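This report describes selected local features of a single model. Please inspect the sequence and structure below before reading on.

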Amino acid sequence: MSIRLQVQAKRPGLDMVLNTVDMVFDYKGTYTNQAPEAYETLLLDTMLGDQTLFMRGDQVEAAWDLIMPILSTWEAKKSLSFPNYSADSWGPEVAEALIARDGFHWFSLPLAGKK
């Protein structure tokens, strides 16, 4: 697992020249010990009785009390202009139109190791 951020940086010198620079943090390259599986530490905390990562019951109820009126309103009054899109898509077409107005476009980077 890694975190990759790509930014534009000014090349050293007097001229204003920008280059794309990759900033990468790679867990496997930085740490040698084995990282736990996704829920391994959560399950261990549960077995040990460590409740610091869990909400109390009254906190959960308060959160639902806060959000349910919003969800109910959204359910009762559906927006005809809301740009819904399927989860396996690149998003609504209006997202492309939004940035195209300024002469830009979305682009996707190739996956690591694939061309």
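Leaving aside neighbours within four places in sequence, which residues is aspartate 45 in contact with?

## Aspartate 45

The model discussed here is predicted. Aspartate 45 belongs to helix H2, which covers residues 40–48. Once its neighbours within four places in sequence are set aside, the contacts of aspartate 45 are Asp50 and Leu53.

Aspartate 45 is buried but takes part in no salt bridge. Arginine 56 is the nearest side chain of opposite charge, and it is 17 Å away, whereas a salt bridge requires the charged atoms to be within 4 Å.

## Helix H3

Helix H3 spans residues 57–76, a total of 20 residues. From its first C-alpha to its last, H3 reaches 28 Å, close to the 28 Å expected at 1.5 Å a residue.

At isoleucine 67, H3 bends by about 35°. A proline, proline 69, follows within four residues.

## Aromatic pair

The count of aromatic pairs comes to one. Phenylalanine 25 and tyrosine 31 form this pair, with 6.3 Å centre to centre and 75° between the planes. The arrangement counts as edge-to-face because the angle between the planes is over 60 degrees.

Phenylalanine 25 is partly exposed, at 29% relative accessibility. Tyrosine 31 is also partly exposed, with a relative accessible area of 47%.

## Tryptophan 106

Tryptophan 106 is located in the segment after helix H4 (93–100). Because its relative accessible area is 55%, tryptophan 106 counts as exposed.

Residues up to four places away in sequence not counted, tryptophan 106 touches Ala95, Glu96 and Ile99.

Notes:
Residues are numbered from 1 along each chain as its sequence is written. This is a predicted model: local features need pLDDT of at least 70, side-chain atom pairs count only at pLDDT 80 or more; totals for chains, interfaces and linings use all residues. Side-chain values use heavy atoms; hydrogens and water are left out. Rings of Phe, Tyr and Trp (its six-membered ring) pair if their centres lie within 6.5 Å; planes under 30 degrees apart count as stacked, over 60 as edge-to-face and the rest as tilted. Buried means under 20% relative accessible area, exposed over 50%, partly exposed in between (1.4 Å probe, protein chains only). Helices (H or I, at least four residues) and strands (E, at least two) are DSSP runs, numbered from the N terminus. Lys and Arg count as positive and Asp and Glu as negative; His and the chain ends are not counted. Contact means heavy atoms within 4.5 Å. The expected span of a helix is 1.5 Å times one less than its number of residues. The bend at a residue is the angle between axes fitted to the seven residues ending there and the seven starting there.
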